[in-house]
Amino acid sequence: MSETKRTTIVLFSGDYDKAMAAYIIANGAAAYDHQVTIFHTFWGLNALRKDELVSVKKGLLEKVFGKMMPRGANKMGISKMNYAGMGPKMIKHVMKKHNAMTLPQLIELAEEQDIKLVACTMTMDLLGLQQDELLDGIEYAGVAAYLGDAQDGNVNLFI
C-alpha cells in the first residue's frame with residue numbers, strides 16, 4: 001500500500017509567469033497522484049480574483065488597493081520585460097503559437113484535478129479583498145491550515 005504524496009505551494013508572487021509555473025507544477029503533481037494545495041497570499045491572491053468588477057462595500061484604502069491590483073489571472077504582469085504591458089501580450093502570443101495553456105486554463109485544470117486552492121484570509125483582510133471578489137469554489141484559511149498541509153508534504157515550494 002503506497003503512502004499519499006503531498007505537494008504544497010505558497011504562491012506569493014503576482015507575476016503571470018511565476019503563477020503559471022506554480023500551476024504547471026501543481027497540475028503535474030496532481031497528475032502523479034499527489035494531493036496538492038496552493039496557498040495564495042499577498043500578490044498571489046490576484047490569480048484568484050474574478051475578472052469582472054464586483055460591487056462590494058470598502059473603505060478608501062481598500063478601494064485603492066483594489067484598483068491598483070490586477071483583476072484576474074489574465075491581467076497579471078510578467079516578472080521580467082513587462083514593457084508597460086507589452087511583455088504579457090508578447091508571451092501570450094508565443095504561448096498561443098505553441099498551443100500552451102494560459103494561466104486561466106491552468107487554474108481551471110487545477111480545479112478539475114481537485115487541487116486545493118486556498119486564499120489567505122489574513123492577507124485578504126490586509127488588502128481589503130472580500131470572498132465575493134474571488135473565484136467560486138476556493139477555500140479560505142490562515143497560515144495554520146497551510147502549515148497543516150505542508151508538514152506532511154513531500155514537496156513544499158514558495159513561488
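This report walks through the cores, strands, salt bridges and surface of the structure shown above.

The model is predicted: local features need pLDDT of at least 70, side-chain atom pairs count only at pLDDT 80 or more, and totals for chains, interfaces and linings use all residues. Residues are numbered from 1 along each chain as its sequence is written, and side-chain values use heavy atoms, with hydrogens and water left out.

**The cores**

Let's start inside. A nonpolar core here is a set of buried Ala, Val, Leu, Ile, Met, Phe, Trp, Tyr and Cys residues joined through side-chain atoms within 4.5 Å. Buried means under 20% relative accessible area, exposed means over 50%, and partly exposed lies in between (1.4 Å probe, protein chains only). The largest such core has 32 residues, and the members touching the most others are Y23, I38, L103, I115 and L117. Two or more residues each come from β1 (5-11), α1 (16-31), β2 (34-40), α4 (103-112), β3 (116-120) and α5 (121-127). Helices (H or I, at least four residues) and strands (E, at least two) are DSSP runs, numbered from the N terminus. With eight residues, α1 gives this core its largest share.

Which residues does Y23 contact, leaving aside its neighbours within four places in sequence? They are L11, I38, H40, L48, L103, L106, I107, A110 and L117, where contact means heavy atoms within 4.5 Å. A second, separate core has seven residues, including V10, A141, Y146 and A150.

**Strands β1 and β2**

Strand β1 is mostly covered, with six of its seven residues buried. It runs parallel to β2, and seven bridges join the two; strands count as paired if DSSP finds at least two bridges between them. Within this pairing, L11 stands opposite H40 in β2.

**Salt bridges**

Side chains of opposite charge can pair when their charged atoms come close. The whole structure holds five salt bridges, each defined as a side-chain nitrogen of Lys or Arg within 4 Å of a carboxyl oxygen of Asp or Glu. Three of them are listed here.

| Pair | N to O distance |
|---|---|
| D15 and K18 | 3.7 Å |
| E133 and K58 | 2.9 Å |
| D149 and K116 | 2.9 Å |

E133 lies in the loop between α5 and β4 (139-141) and K58 in the loop between β2 and α2, so their bridge ties together parts that are 75 residues apart in sequence. Both E133 and K58 are buried. D149 sits in helix α6 (residues 143-150) and K116 in strand β3, so this pair links parts 33 residues apart in sequence. D149 counts as buried because its relative accessibility is 9%, whereas K116 is partly exposed at 27%. R6 joins K116 and D149 in a network of salt bridges. As for K18, its relative accessible area of 36% makes it partly exposed.

**Out at the surface**

D132 is found in the loop between α5 and β4 and is partly exposed, at 49% relative accessibility. Leaving aside neighbours within four places in sequence, D132 contacts K50, V54 and V56. D132 and D149 are 17 residues apart in sequence and 25 Å apart in space, C-alpha to C-alpha.

A nonpolar surface patch is formed by L60, L61, V64 and M68, with about 460 Å² of accessible area together. Patches take residues with over 30% relative accessible area and no salt bridge, joining like charges within 9 Å and nonpolar side chains (Val, Leu, Ile, Met, Phe, Trp, Tyr) within 5 Å. The areas come from the Shrake-Rupley method with a 1.4 Å probe; for residues, only the protein chains shown count as cover. M68 belongs to helix α2 (residues 60-68) and is exposed, with a relative accessible area of 65%.
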